[in-house]
Protein chains: 2
Amino acid sequence: MKKFEEKTIRSEEIYNGKVITLKIDDVTLPNGETGKREIVNHPGAVAVIAITEEGKLVVVEQYRKALERSIIEIPAGKLEPGEEPATTAVRELEEETGYGCKELTYLQSFATSPGFADEIIHLFVARGLYEIENRAAMDEDEFIELMEITVEEGEQMVAEQKIFDAKTAFAILWLKMQE
Amino acid sequence: MKKFEEKTIRSEEIYNGKVITLKIDDVTLPNGETGKREIVNHPGAVAVIAITEEGKLVVVEQYRKALERSIIEIPAGKLEPGEEPATTAVRELEEETGYGCKELTYLQSFATSPGFADEIIHLFVARGLYEIENRAAMDEDEFIELMEITVEEGEQMVAEQKIFDAKTAFAILWLKMQE
């Protein structure tokens with residue numbers, strides 16, 4: 001048995017959407033009592049720390065409806081069913097920034113919100129960037145603006161909460177460590 | 001108008017739970033077309049980078065039903081309605097670890113999953129830890145195990161995916177930067 005495992009007694013699907021699924025699980029807790037867990041299933045995503053020749057970080061600004069504001073993030077996107085994360089990384093980098101990369105390295109993966117969601121982000125580092133001539137189109141509901149920033153500018157944007165998400169905060173810290 | 005703003009035409013609440021609320025918003029996109037956004041509302045949370053006298057990081061292992069496994073995380077917990085994040089930080093640190101702290105510093109905040117959720121984590125650094133004699137009880141459905149780890153052990157746990165969430169990955173990197 002897994003440590004502190006919570007066995008599912010009953011699982012009810014509340015909503016099955018385009019991006020996420022919501023289910024409510026009745027579980028047996030380690031002390032024998034029962035509890036309820038609200039769980040969001042997500043297909044998982046990739047995010048790319050793309051570094052230019054000058055050592056700048058490629059970021060995109062986009063509106064995030066959940067937050068009701070636009071924020072600056074590293075390029076990222078959802079996994080398609082059965083897609084390898086590295087393939088998603090190359091595709092999203094191209095779609096969101098117009099860049100291809102000569103070198104793509106897997107860095108690490110993390111769950112974004114383990115308290116209620118199973119979303120996992122696979123982080124990659126892309127180097128050897130080059131502009132793609134006939135770039136892949138963005139999703140039709142995506143509107144983004146491209147920027148290239150230094151670590152110092154990134155830290156300033158964190159302080160001003162223009163950079164305001166976990167993967168990008170991690171990327172800034174990681175890039176600073178490489179200096 | 002906010003950059004790339006997506007105005008809500010209609011919002012439908014699908015589920016209102018103990019932790020999260022799910023709603024589906026019909027929005028007007030910047031190009032005038034309409035789209036749908038699946039949005040999870042969450043009360044927000046705090047997480048605490050608690051550092052012992054020996055420079056070790058205090059972490060807890062707990063089962064995360066959404067991931068169907070136990071993972072090792074820095075102490076964290078949801079904001080109660082109207083609660084100041086610093087108050088939540090002190091409470092969660094005490095409940096999950098039995099430690100009080102002489103010094104609590106706000107570090108930064110980030111959205112965990114801006115693509116579908118409004119959850120924001122407020123990160124604090126706690127130093128001057130001391131054991132509390134009559135510690136506050138944990139939530140009745142929480143089962144956790146306490147550990148204190150070095151940065152090197154933390155990096156090993158990241159490599160082995162025992163540490164597997166964004167806030168804790170960030171904490172390990174942040175702590176390494178302080179060395």
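The model is a predicted one, so to speak of local features takes pLDDT of at least 70 and side-chain atom pairs count only at pLDDT 80 or more, while totals for chains, interfaces and linings use all residues. Residues are numbered from 1 along each chain as its sequence is written, chains are lettered from A and ligands numbered from 1 in the order in which they are written, and side-chain values use heavy atoms, with hydrogens and water left out.

Salt bridges are another story at this interface: the rule (a side-chain nitrogen of Lys or Arg within 4 Å of a carboxyl oxygen of Asp or Glu) finds 0 of them between chain B and chain A. On the side of chain B that touches chain A, the biggest contributor is H3(B), which gives the largest share with 8 residues. By class, that side of chain B holds 33 nonpolar, 12 polar and 22 charged residues. For this sorting, Ala, Val, Leu, Ile, Met, Phe, Trp, Tyr, Cys and Pro count as nonpolar, Asp, Glu, Lys and Arg as charged, and the others, Gly among them, as polar.

In total, 67 residues from chain B and 67 residues from chain A take part in the contact (heavy atoms within 4.5 Å). About 5900 Å² is buried between the two chains, and carbon and sulfur atoms give 68% of that. Buried area means the accessible area (1.4 Å probe) that two parts lose on being put together, summed over both.

Chain B can be laid on chain A by a rotation of 180 degrees with 0.0 Å of shift along its axis, at an RMSD of 0.0 Å. The two copies are therefore related as by a two-fold rotation axis. Both copies use the same surface, and 100% of the contact residues of chain B recur in chain A. The superposition is by least squares on the C-alpha atoms of residues with pLDDT of at least 70 in both copies.

Turning to chain A by itself, its secondary structure comes to 3 helices and 10 strands. These are DSSP runs numbered from the N terminus, with helices (H or I) of at least four residues and strands (E) of at least two. The C-alpha trace of chain A spans about 60 × 35 × 35 Å along its principal axes.

Domain 1 of chain A gives 6 residues to the contact and domain 2 of chain A gives 5. The two domains bury about 390 Å² between them, 45% of it on carbon and sulfur atoms. In domain 1 of chain A, Val19(A), Val40(A) and Asn41(A) lose the most area to domain 2, together 70% of what that side buries. The domains share 0 salt bridges but have 3 residue pairs in polar contact, both residues at pLDDT 80 or more.

Over all chains, the whole structure has 30 salt bridges. In one of chain A, Asp26(A) pairs with Lys36(A), their closest N and O atoms being 2.7 Å apart.

Notes: Polar contact = N/O pair within 3.5 Å; in protein donor to acceptor, adjacent residues only side chain to side chain.
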